[in-house]
Amino acid sequence: MNHKLATLIVGAVFISGCRFYLDPGISMKHSENNFIYMPDMVYSQAIKAQEEGGMRYPVKGTIPREKLLYSIPETQDEAAKTLKNPLKKTFANLKRGQEVFNIYCIACHGSYGEGNGGVVPKYPQPPSLQSDKIKGYFAKGEEGRVFHIISKGQNIMPSYATQIEPMDRWKVVMYLQALHRAKNPTAEDIKAYEGN
Ligand code: HEC
């Protein structure tokens, strides 16, 4: 047997053996044409997103902090009666409300909620959120109405339930109240800033 023939035979055995030898579990589809040098790097052990076993379940009996413990009533009238803002009026909550408003609401409603957002008039102009109607909601303690509008939508305004967490919705409600105050500061508000 000459050298050339021997090399050929050894080579052929080696190549044909690779597939089986490296990883019998490799599907033919992948290994048909390629010599897989480092199968561990080709076939990652990492769990894919949403894969069974990859998702962590919350500890039994615990409730995520931002989760609502009640369901949102179907009607706005019902929400007006039963839902109250559960959050404290802190600067952090207000700031977050502003952030969420500026992401999701400002485009249509404008920076003070006056209905002059950037997409108007290409999109239908919303009513002003500085209206006596909305101020009246707050005056009557019916902030649940605004929470309901964000959660369920109103006429052509869509629901933001999938984009905005319930607690962030309440923060937006809080921010709307601050916008009213910003547009119509009380004598006290002005005094606080005088001379500063
Ligand atoms: C795509 C544009 C658009 C976006 C974004 C949007 N709205 Fe609206 N919104 C409207 C329109 C249009 C109406 C009027 C709906 C109607 O005819 O009742 C409305 C109505 C409202 C009302 C009721 C006003 C009234 O006088 O009855 C509130 C409160 C409100 N929006 C709050 C929000 C908040 C808070 C956000 C952000 C989370 C938001 N909207 C995002 C378009 C929008």
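## Starting at Arg-65

Arg-65 turns up in the loop between helix H3 (39–42) and helix H4 (76–82); helices here are DSSP runs of H or I with at least four residues, numbered from the N terminus. This is a predicted model, where local features need pLDDT of at least 70, side-chain atom pairs count only at pLDDT 80 or more, and totals for chains, interfaces and linings use all residues. Residues are numbered from 1 along each chain as its sequence is written, and side-chain values use heavy atoms, with hydrogens and water left out.

So is Arg-65 buried or exposed? Its relative accessible area is 79%, so Arg-65 is exposed (buried is under 20%, exposed over 50%, partly exposed in between, using a 1.4 Å probe and protein chains only). Arg-65 and Met-167 are 102 residues apart along the chain, and their C-alpha atoms are separated by 9.2 Å.

## The iron atom

Which residues hold the iron atom of the ligand? His-109 (NE2) and Met-157 (SD) coordinate it at 2.0 to 2.1 Å. The pair sits 48 residues apart and links distant parts of the chain: His-109 is in helix H6 (residues 106–109), and Met-157 is in the loop between helix H8 (143–152) and helix H9 (166–183). His-109 is buried, at 11% relative accessible area, while Met-157 is partly exposed, at 25%.

The iron atom has 6 donor atoms around it, and their angles run from 85 to 179°, which makes the arrangement octahedral. Donors are N, O and S atoms within 2.8 Å of the metal (3.2 Å for Na, K and Ca), and six count as octahedral if opposite donors are over 155 degrees apart and all others between 65 and 115.

## Around the ligand

The ligand is surrounded by 18 residues, and the closest are Cys-105, Cys-108, His-109, Gln-154 and Met-157 (the cut-off is a heavy atom within 4 Å). H6, helix H7 (132–139) and H8 each give at least two residues to this shell.

An N or O atom of Lys-133 is 2.7 Å from one, and a polar side-chain atom of Asn-155 lies 2.8 Å from one.

Most residues other than glycine have a negative phi, and most peptide bonds are trans. Asn-155, in the loop between H8 and H9, has a positive phi of about 50° although it is not a glycine. Asn-155 is also exposed, at 77% relative accessible area.

The peptide bond from Val-120 to Pro-121 is cis, with omega near 15°. You'll find Pro-121 in the loop between H6 and H7.

How values were computed
Tetrahedral: all angles 85-135°; square planar, octahedral: opposite > 155°, others 65-115°. Polar contact = N/O pair within 3.5 Å; in protein donor to acceptor, adjacent residues only side chain to side chain.
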